[in-house]
Amino acid sequence: MTLFIKLLLAHLLGDFLLQPGKWVIHKSANKIRSPYLYLHILVHFVLVLLLLGNYTHWRIALVVALSHWVIDLGKLYSEPLFSNRAKPFLIDQVFHLLILFGCAYYGNIIGQIDYLLGLIDWGLVTAVFFLTYPSAIMMNILLEKMSDQISLDHKSLPNAGKYIGMIERLFVLIFVLTGHWEGIGLLITAKSVFRFNDLKESNSRKLTEYILIGTLLSFGLAIITGLIYMSF
C-alpha cells in the first residue's frame, strides 16, 4: 500500500503540479511530435525514482513512464471523438491508476523475491555448480590424452562416467562442509569395490592408473572447492 501511495503521489505531482498549461496545449496540438510530451514522461520517470528512494526500482519507473506515454497518446488522439474533455480525462486517469496499482503489486512481488534471493548462499550455489558441469569438462580436458591410450571392450551407459563423477564430487563436498572426512574414505572404498571387476577383467595397468588419477583428481577438486568455500 505504501508503494502504491508513493506512485500515486508521483503521478499527482507530475500530472497536475509539474505540467504547465502550455505543455498541455502544445501536446494537444502536436501530439506525438510535441517535445513537451517526452519531457512530461521524463518528469514522471524521475519523480517515481525519487519518491521510491531506491535506484533498483528503475524497472517500475520505466513501466510507469512508458505506460504513461502510451496512455497520454491515446488520450491526445481520442479527444476529438468526445464532445468535451471530461470523459477522455477521466478515462486517462483511470488507466493511469490501474497501471500504478499493477506496478505496486509487481513491486511487492519483486520485494518478496529479493528477500528470498537474499537468503540464498550464493557461494554454496557456485561451489555446487562448479563441481557439476564445469568440473566434468575440466577433467575431460585434463584426462583427454590418457583416455586416448585406453581401449574399453565393454559398453557403458551414455555419459554415465560424467554423472557418476558429478555425484561423487557433490558427496565429497557435503562430507567436507559437515566435517565428516571419514565419509570421503568410505566413498573411495565403495568406488574401488564397484570398479574391482572392471579392473580385474581388463588386466590393464593403464586403465587402473587412469581410474586412480581420475578419482584422485575428482575428489581433489571437491575437497579444494569445499575448503575455499569454508574459508570465506
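Lysine 31 lies over the face of tyrosine 77, 5.9 Å from the ring centre. A charge counts as over a ring if NZ of Lys or CZ of Arg is within 6 Å of the ring centre and within 35 degrees of the ring normal.

The model is a predicted one, in which local features need pLDDT of at least 70, side-chain atom pairs count only at pLDDT 80 or more, and totals for chains, interfaces and linings use all residues. Residues are numbered from 1 along each chain as its sequence is written, and side-chain values use heavy atoms, with hydrogens and water left out.

The whole structure holds 2 salt bridges (a side-chain nitrogen of Lys or Arg within 4 Å of a carboxyl oxygen of Asp or Glu).

Helices (H or I, at least four residues) and strands (E, at least two) are DSSP runs, numbered from the N terminus. Buried means under 20% relative accessible area, exposed over 50%, and partly exposed in between (1.4 Å probe, protein chains only). Aspartate 72 is buried at 6% relative accessible area, and lysine 27 is also buried, at 6%.

The structure also has 5 aromatic pairs. Rings of Phe, Tyr and Trp (its six-membered ring) pair if their centres lie within 6.5 Å; planes under 30 degrees apart count as stacked, over 60 as edge-to-face and the rest as tilted. One of the pairs is phenylalanine 4 with phenylalanine 101, with ring centres 6.1 Å apart and planes at 75°, so it is edge-to-face. Phenylalanine 4 sits in helix α1 and phenylalanine 101 in helix α5, so the pair ties together parts 97 residues apart in sequence. Phenylalanine 4 is buried at 17% relative accessibility, whereas phenylalanine 101 is exposed at 53%.

Tryptophan 23 and tyrosine 36 have ring centres 5.6 Å apart and planes at 25°, so this pair is stacked. Tryptophan 23 is in helix α2 and tyrosine 36 in helix α3 (residues 35-52), so parts 13 residues apart in sequence are tied together. Tryptophan 23 is buried, with a relative accessible area of 11%, and tyrosine 36 is partly exposed, with 24%.
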